[in-house]
Amino acid sequence: FWHCNKGEAQRHAGFCAPSQLGLADEWQVAQIEWTEPSGTIVVSERRALRVRAIDERTWRFDFVSELAADRDVTLSGDPQHSGCQFRALAQFAEKGSEKVRYVRPSTAVAHANDVWTNCQWIAAILPLDGDDVTVLRVEMPGNPDNAQWSTRDYGRFGATFEQELNPGVPLRVRYAYVVALGTLDATSCETL
């Protein structure tokens, strides 16, 4: 479902009340259908978003996704093309552009192809005109604990995991993104 180039699709099917996910009214909840080329729904998702200001230079984006399937489905894929990813502005991918830098926790373990494990968070430092902007992504407690992170210097980063979806047993994952004007160091990221 990353490229959706063989007829598969993720379709917005409408909105639902936040209370259906046990969330307060400040959340916006979209219903997403992951469909096969035939149009058959493979996964039904309720995707919730809430945005709050932490202070005048920092905002928190909370994200909840509940995935359900009517048959056994394996969520998997390589760390660069699956899971929940952030993609920065296209300007960072242009030839000769200043690249995105990353801050990781001291526990992070590096693997080949810029894959990282043993992380609860990773932050991207986006070099924008006048001031850097930090985008911190946090895996929340209760998510599958086998996350593999991937980072690229053009500003695409995120984490994925392998998980079975079984009928009648929805999977709920939670993430937080913190967007801050300026450069955050590892201690600041860990505190947030």
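Q: What makes strand 10 (residues 121–128) and strand 11 count as paired?
A: Two strands pair if DSSP finds at least two bridges between them, and here 8 bridges join strand 10 to strand 11, which run antiparallel; the strands themselves are DSSP runs of E with at least two residues, numbered from the N terminus.

Q: How are the model and its numbering to be read?
A: This is a predicted model, in which local features need pLDDT of at least 70 and side-chain atom pairs count only at pLDDT 80 or more, while totals for chains, interfaces and linings use all residues. Residues are numbered from 1 along each chain as its sequence is written, and side-chain values use heavy atoms, with hydrogens and water left out.

Q: Which residue of strand 15 is the bridge partner of R137?
A: The partner of R137 there is Y177, and strand 11 and strand 15 run antiparallel, joined by 7 bridges.

Q: Why do strand 1 (9–16) and strand 7 (101–103) stand at the edges?
A: The open sheet has 8 strands in the order 1-2-3-4-15-11-10-7, with antiparallel pairing. Strand 1 and strand 7 each have a single partner strand, so one side of each is left without a neighbour in the sheet.

Q: What makes R101 and D132 a salt bridge?
A: A salt bridge is a side-chain nitrogen of Lys or Arg within 4 Å of a carboxyl oxygen of Asp or Glu, and the side chains of R101 and D132 meet at 2.8 Å, N to O. R101 lies in strand 7 and D132 in strand 11, so the pair ties together parts that are 31 residues apart in sequence. R101 is partly exposed because its relative accessible area is 37%, whereas D132, at 16%, counts as buried.

Q: How do you know that D62 and R50 form a salt bridge, and are these residues buried or exposed?
A: The closest N and O atoms of D62 and R50 are 2.9 Å apart, and the pair forms a salt bridge. D62 counts as buried at 4% relative accessibility, and R50 is buried as well, with a relative accessible area of 15%. Salt bridges that share partners join E26, R50, R52, R60 and D62 into one network.

Q: Why is the pair of F63 and Y175 called stacked?
A: Rings of Phe, Tyr and Trp (its six-membered ring) pair if their centres lie within 6.5 Å, and planes under 30 degrees apart count as stacked, over 60 as edge-to-face and the rest as tilted. F63 and Y175 are 5.6 Å apart centre to centre, with 25 degrees between the planes, and the pair is therefore stacked. Both residues, F63 and Y175, are buried.

Q: What makes the pair of F86 and Y177 tilted?
A: The centres of F86 and Y177 are 6.3 Å apart and their planes stand at 40 degrees, which gives a tilted aromatic pair. F86, at 21% relative accessibility, counts as partly exposed, while Y177, at 11%, counts as buried.

Terms used
Buried means under 20% relative accessible area, exposed over 50%, partly exposed in between (1.4 Å probe, protein chains only). Helices (H or I, at least four residues) and strands (E, at least two) are DSSP runs, numbered from the N terminus.
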